[in-house]
Amino acid sequence: MVKSLSLNVPLSPAAWRSLKAGDIVSLNGTIVTGRDRVHKYLVEQKPRKEDIPFDLNGAVLYHCGPVMKKTEEGYTAVAAGPTTSMRVEMYEAAVIREYGIRGIIGKGGMGTGTLEALQQTGSVYFQTVGGAAAYLADRIKKTLNVWKLDEFGPTEAMWLFEIEDFPVIVTMDSHGTNLHREIEKQSFERFSELIGSKQ
Amino acid sequence: MLKLRDGIVELYKKVATSLPPDVREAMESGCARETEGSHAFSTLAVQIENMKLARETVRPICQDTGVPTFWLKVPMGLSQIEMKNTIIEATRLATEKIPLRPNAVDILTDKNSGDNTGIGFPIIYMEETRESSLTIDLMLKGAGCENAGQTYKLPVEELHAQRDLNGVRKCVLDTVQKIQGRGCPPYIVGVGIGATKDQVARLAKEQLMRRLNDINKAAELAALETRILQEINELGIGPMGLGGRTTALGVKIGVNHRHPASYFVDVAVSCWATRRGRLIW
């Protein structure tokens, strides 16, 4: 069954905690994007909250560097699939704790530092489909705002998007379950047999 | 060179927005093997839907249009300098028109050039041909899977990998086991074996240009390709790493002669959105 989550009103801590690894969720409302440069900037430069044009507290952060098109009405997302989350592992726990991010969307899962931060703060990691850039861009209904566009460029900037029926799967929850790690453990068993086996 | 430039822009468009038929078919048959309702099934279904949507609306399949990589076979008498300049010009145009994501970042200033050109960017490999027509092959693959690649120097003790084809097999499995779902599986895996690390890296990437139904001329390597593909799929990593039967769509191996003291193996990984195409001029 697909759960529908509206992000327009901040979700209660209980609502975040109720999400379990394996849940298929459809997201609606606003999200922000952020990848390598945004993470580094947030953690190393520590900008004041009033310097960031939108509220990150309780927000969902999408690991995405979209292809954007500038039109007369503003920017539109042309292609916007997820990027590999693991690259920002060294910053993510601090971003979650210091800025109050409650949901991460990305691909490939993250490490133990992030998992601990999810558990402590009652947050979750969602995976969406890698390479499904056109499909996911169509679920971004509007570009509401952008931060650091001139300095970081359109790929690395932080975009504020309005999304509708954005499909994700909870793969790391606030109870310490990490589906990526479970699959890795299972595949390691078969891997060990294949490596140890005779030719 | 104006017409050739426009031909290359069209090649960019075709490659960025549609997958080759062999990859499309492999994705469909992968989906048919998965259990309906599983994460593997729904992930593949979205990927297949995205493939169709991108083609119909002429938009990039993936927002990461990678480091454009060209292989040219240039007829004798045609200037390679001219070819390179034409490709650079076409790259600027394609980036703006299609659009492609600008991916060329200056190492020293961290500035994005904004048009996918820069030092060594795009990558262009050229060789001369006795044929009268110019052949241009283009591959676009994102950084998620590019970062998944590994180079090995056999023997590798921890894998019990000796300097033989069985050792090669262990290296390939190790790469896939380590990367799990981070490089967007189902993968296509290119393997290069030979004397030096620069040479095997290029050779491995070239294997990704082979069609999935292309059978290796060396029977021993053809058998190894089939075996490794089957074993990767036994790992159960699945589409986007959430479990399933379809972890890879193909394994392609290329060999060069090696030095008696060296046995390099490079494993190049491509995501399911292996975008490749050819222009004959």
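**Where the two chains meet**

Guide: Let's start with a helix in this predicted model. The buried residues of H7(A) are covered by, among others, strand E9 (158-172) of chain A and H6 of chain B.

Visitor: Okay, which residues of H7(A) are buried?
Guide: They are Leu179(A), His180(A), Ile183(A), Ser187(A) and Phe191(A).

Visitor: And how many residues does helix H7 of chain A have?
Guide: H7 of chain A covers residues 179-196, so to speak 18 residues. From its first C-alpha to its last it reaches 26 Å, close to the 26 Å expected at 1.5 Å a residue.

Visitor: You mentioned E9(A). Which strands are joined to E9(A)?
Guide: Strand E2 (residues 24-33) of chain A is one of them, running antiparallel to E9(A) with 8 bridges. Strand E8 (residues 140-147) of chain A is antiparallel to E9(A) too, through 6 bridges. Strand E7 (residues 124-127) of chain A joins E9(A) by 3 bridges, again antiparallel.

Visitor: Zooming out, how many helices and strands does chain A have?
Guide: Chain A has 7 helices and 9 strands. Its radius of gyration is 17 Å, close to the 16 Å that the globule rule gives for 199 residues, so chain A is as compact as a globular protein of that length. The C-alpha trace spans about 65 × 40 × 35 Å along the principal axes of chain A.

Visitor: How much of chain A counts as buried?
Guide: 49% of its 199 residues. As for contacts in chain A with a separation of 6 or more, 65% are between residues 24 or more positions apart.

Visitor: Let's do H6(B), then. What does H6(B) lie across?
Guide: H6(B) lies across E4, E5, E6 and strand E7 (264-270) of chain B, at about 40° to E7(B). Those strands form an open sheet of 4 in the order E4-E7-E5-E6 (chain B), with mixed pairing.

Visitor: Why is one side of E4 and of E6 left without a neighbour in that sheet?
Guide: Strand E4 (150-153) and strand E6 (248-255) of chain B stand at the edges, and each has a single partner strand, so one side of each has no neighbour in the sheet. On average, neighbouring strands of this sheet are turned by 15° against each other, direction ignored.

Visitor: Does E5 of chain B run parallel or antiparallel to E6(B)?
Guide: Strand E5 (residues 187-194) of chain B runs parallel to E6(B), and 7 bridges join them. A pair to look at there is Val189(B), which stands opposite Val251(B) in E6(B).

Visitor: I see another sheet in chain B. What's the strand order E2-E1-E3-E8 about?
Guide: That's an open sheet of 4 strands in chain B, with mixed pairing. The edge strands are strand E2 (123-129) and strand E8 (275-280) of chain B, each pairing on one side only. The twist averages 15° from one strand to the next.

Visitor: How many bridges join E3 of chain B to E8(B)?
Guide: There are 6 bridges between strand E3 (residues 135-140) of chain B and E8(B), and the two run antiparallel. Thr135(B) has Ile280(B) as its bridge partner in E8(B).

Visitor: Last one: what about chain B overall?
Guide: Chain B has 8 helices and 8 strands. With 281 residues, a compact globule would have a radius of gyration near 19 Å, and chain B agrees with its 19 Å. Buried residues make up 49% of the 281 residues in chain B, and its C-alpha atoms fill a box of roughly 50 × 50 × 40 Å along the principal axes.

Key
Residues are numbered from 1 along each chain as its sequence is written. Chains are lettered from A and ligands numbered from 1 in the order in which they are written. This is a predicted model: local features need pLDDT of at least 70, side-chain atom pairs count only at pLDDT 80 or more; totals for chains, interfaces and linings use all residues. Two strands pair if DSSP finds at least two bridges between them. Axes are lines fitted to C-alpha atoms, for helices over the stretch in contact, and angles run from 0 to 180 degrees between N-to-C directions. The radius of gyration is taken over C-alpha atoms; the globule rule is 2.2 Å times the number of residues to the power 0.38. A residue is buried if 20 or more other C-beta atoms lie within 10 Å of its own, exposed if 12 or fewer, and partly exposed in between; C-beta atoms are placed from the backbone. The expected span of a helix is 1.5 Å times one less than its number of residues. Two residues are in contact if their C-beta atoms, placed from the backbone, lie within 7 Å.
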